[in-house]
Amino acid sequence: MDAIIKQHPALKAVDAGRKVSREEAEEAVRTLISYLGDCPNREGLKDTPKRVVNAYAELFAGYKQDPGAVLERVFEDVGGYQDIVLVQDIPFYSHCEHHMVPFHGKVHAAYYPTDGVVGLSKIGRVVDVFARRLQTQENLTTQIAEAIDDVLKPRGVAVLVEAEHMCMAMRGIKKSGVLTTTTRFTGLFAEDPAEQVRFISLVRGGQR
Ligand SMILES: Nc1nc2c(ncn2[C@@H]2O[C@H](COP(=O)(O)OP(=O)(O)OP(=O)(O)O)[C@@H](O)[C@H]2O)c(=O)[nH]1
Ligand SMILES: [Zn+2]
């Protein structure tokens with residue numbers, strides 16, 4: 001009975017929300033080091049669990065951040081500018097949710113404004129909010145596009161992500177240099193293929 005209850009998806013969700021202490025997280029790192037066959041108490045490794053937990057706090061900071069808050073400030077005084085705003089070549093580092101190994105690349109994001117624009121840096125901040133979580137490239141692409149769409153309510157959003165996955169380069173199939181491209185279009189971009197072509201031409205034309 002106990003085993004059945006523990007497997008219930010609702011309970012798994014509760015478990016995911018349980019506050020794990022820093023000590024427990026450090027102990028988990030020590031366990032992994034031992035599992036690998038090394039000694040967590042040797043001089044070079046004794047501070048490693050603390051460092052790993054600190055590094056994870058930075059690499060996975062996105063769980064504690066709200067994309068809506070990042071995009072909240074809208075500038076309306078832009079002379080009625082309504083044409084495309086494209087922010088391209090935004091570098092990002094994320095971790096795949098399958099192996100917890102990095103994947104990294106660039107995000108290109110565009111939108112057609114309605115009542116205002118956001119500060120250009122905010123698009124890059126939204127990328128980081130979602131990149132600094134366990135991710136798939138597909139979900140990362142969708143989440144960035146939908147956050148811009150939800151908050152700014154623009155006439156359309158286009159997001160293109162291109163990335164290399166270390167889980168394919170360093171292990172498994174061991175193919176480095178493989179680039180995966182994902183896109184997400186909303187509004188005008190979703191309705192009109194010519195808008196998708198315009199977006200992709202601007203991205204490819206502007207790449208350095
Ligand atoms: N669609 C998608 N797949 C991903 C992403 N990141 C990693 N993967 C893939 O996730 C898959 C996991 O496959 P599994 O068969 O469950 O795990 P595995 O035995 O480690 O697979 P291999 O990587 O082929 O050795 C692999 O094919 C990875 O290439 C991502 O962002 N999107
Ligand atoms: Zn992976």
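Predicted model: local features only at pLDDT ≥ 70, side-chain atom pairs only at ≥ 80, totals over all residues.

Biologist: Where does Cys96 lie?

Modeller: Cys96 is in strand β2, which covers residues 85–96.

Biologist: And what does Cys96 touch, leaving out residues up to four places away in sequence?

Modeller: Val101, Phe103, Gln135, Thr136, His165 and Cys167.

Biologist: Which residues does UniProt list under "binding site"?

Modeller: The unreviewed UniProt entry gives Cys96, His99 and Cys167. They span 72 residues in sequence, but no two of their C-alpha atoms are more than 8.0 Å apart, so they gather at one spot.

Biologist: Okay, Cys167 then. Where is it?

Modeller: Cys167 belongs to helix α8, residues 166–169. Cys167 has 16 C-beta neighbours inside 10 Å, so it counts as partly exposed.

Biologist: What does Cys167 touch, again skipping residues up to four places away in sequence?

Modeller: Cys96 and His99 are among its contacts.

Biologist: New topic. How far does helix α6 reach?

Modeller: Helix α6 runs over residues 120–131, twelve in total. From first C-alpha to last it reaches 18 Å, close to the 16 Å expected at 1.5 Å a residue.

Biologist: Which residues of α6 are buried?

Modeller: Lys122, Ile123, Val126, Val127, Val129, Phe130 and Ala131.

Biologist: What covers them?

Modeller: The cover for the buried residues of α6 includes helices α5 and α7. Strands β2, β3, β4 and β5 are also part of that cover.

Technical notes:
Residues numbered from 1 in each chain as written. Chains lettered and ligands numbered in written order. UniProt positions renumbered as here; feature names shortened; annotations may be inferred. Helix = DSSP H or I, 4+ residues; strand = E, 2+ residues; numbered from the N terminus. Contact = placed C-beta atoms within 7 Å. Buried ≥ 20, exposed ≤ 12 C-beta atoms within 10 Å, placed from the backbone. Expected span 1.5 Å × (residues − 1).
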